[in-house]
Each structure stands twice: as C-alpha cells, then as structure tokens.
Amino acid sequence: MAAAMPDAPVPAASPSVPVAVPSHFQSFLAFDFGLKRTGVASGNRLLATATPQATIKAEGDARFAQVEARIKEWQPDALVVGVPYHPDGAPHENTRRAQKFARQLRGRFNLQVFEVDERYSTTEALASGARDADAASACIILEQFLRSLP
C-alpha cells in the first residue's frame with residue numbers, strides 16, 4: 001500500500017536541522033533545476049553519497065519525459081530538489097520556479113519530494129572543476145540532504 005503523500009513538497013532542509021524522512025526511504029534522485037538544463041544525481045541513505053547522472057537538456061514536457069525515464073531506471077523512494085535563495089535567505093524568481101518544479105514532480109510521479117536549500121551549490125561545483133556543473137551541483141544538493149538525515 002502506498003504511503004499518503006503530503007499536499008506540498010517538504011520545505012527546504014537546513015544543514016543543521018534534520019528533515020523528517022521515513023527510515024524506509026533509502027534511494028533518492030536529486031535535481032538541480034534550471035530553465036534549460038537540469039542536473040541529476042542518484043544516491044542512497046546507506047552510503048550517504050551521490051553519483052552524477054547525465055544532465056537533462058530539455059524544457060517543458062520533454063524535461064518530464066526524461067525525468068520519467070530516470071525514475072523508471074533508478075526507482076527512487078523519493079526525490080530531492082534544490083531550491084535557490086539569495087545569500088540572505090530571501091526567495092527570488094528561480095526559488096519559485098524550483099518550487100513549482102518540485103510540485104510538478106510530486107503531482108506527476110506520486111513520489112514524496114524534499115526541497116533542499118541549494119545556495120552556492122553551482123559555485124561549489126564550478127570551484128571543484130566539475131565538467132558538468134549541473135550534475136555536480138545535483139550531487140552536492142543530494143549529499144547535503146543525505147547528511148541532514150538522522
């Protein structure tokens with residue numbers, strides 16, 4: 001029997017505050033949402049590590065077709081979406097876009113979606129010399145989420 005899904009994605013996780021994630025949720029797909037490119041990473045709770053996957057280079061329904069293929073391939077227990085904020089924590093237009101993407105994922109795929117504050121993840125990915133900054137950023141987002149779990 002499927003677990004009841006909340007009406008909205010779980011709010012962004014703070015690195016210091018654990019997210020209430022059911023212990024049976026073990027595998028995750030994470031997304032670094034962008035208008036033209038969406039980074040993807042897979043990971044699991046046991047190892048608390050993430051692996052970059054090919055970045056989705058599509059918009060609209062084409063993006064969701066590729067997301068669906070990834071979900072079918074990886075069969076995650078839940079999804080994680082990075083949500084950007086200004087350095088002072090204030091939301092901006094991309095904050096709302098990422099939150100909308102999270103809601104669409106939940107509605108289309110009936111999976112729980114956790115939001116993670118992703119400030120500076122792309123900067124960190126670029127500083128590390130990542131060839132695919134979007135996928136590397138998705139890894140950073142997912143690893144931050146996994147570290148927040150008890």
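Guide: First, the term. On a 1 Å grid over the protein atoms alone, a pocket is an open set of points where a 1.4 Å probe fits, with protein on both sides within 12 Å along at least five of seven lines; lining residues have an atom within 4 Å of a point. This is a predicted model, where local features need pLDDT of at least 70, side-chain atom pairs count only at pLDDT 80 or more, and totals for chains, interfaces and linings use all residues. Residues are numbered from 1 along each chain as its sequence is written, and side-chain values use heavy atoms, without hydrogens or water.

Now the pocket. Its lining is made of Phe-33, Leu-35, Gly-60, Asp-61, Arg-63, Phe-64, Arg-97, Lys-100, Phe-101, Gln-104 and Arg-108. Two elements each give two or more residues: α1 (60-74) and α2. Helices here are DSSP runs of H or I, at least four residues, numbered from the N terminus. α2 gives the most, with five residues.

The volume is about 170 Å³. A volume is the space filled by probe spheres set on the points, which are joined across faces, edges and corners.

By class, the lining has four nonpolar, two polar and five charged residues. Ala, Val, Leu, Ile, Met, Phe, Trp, Tyr, Cys and Pro count as nonpolar, Asp, Glu, Lys and Arg as charged, and the others, Gly among them, as polar.

Look at Arg-108 and Phe-64. Arg-108 lies over the face of Phe-64, 3.9 Å from the ring centre. For an Arg, that takes CZ within 6 Å of the ring centre and within 35 degrees of the ring normal.
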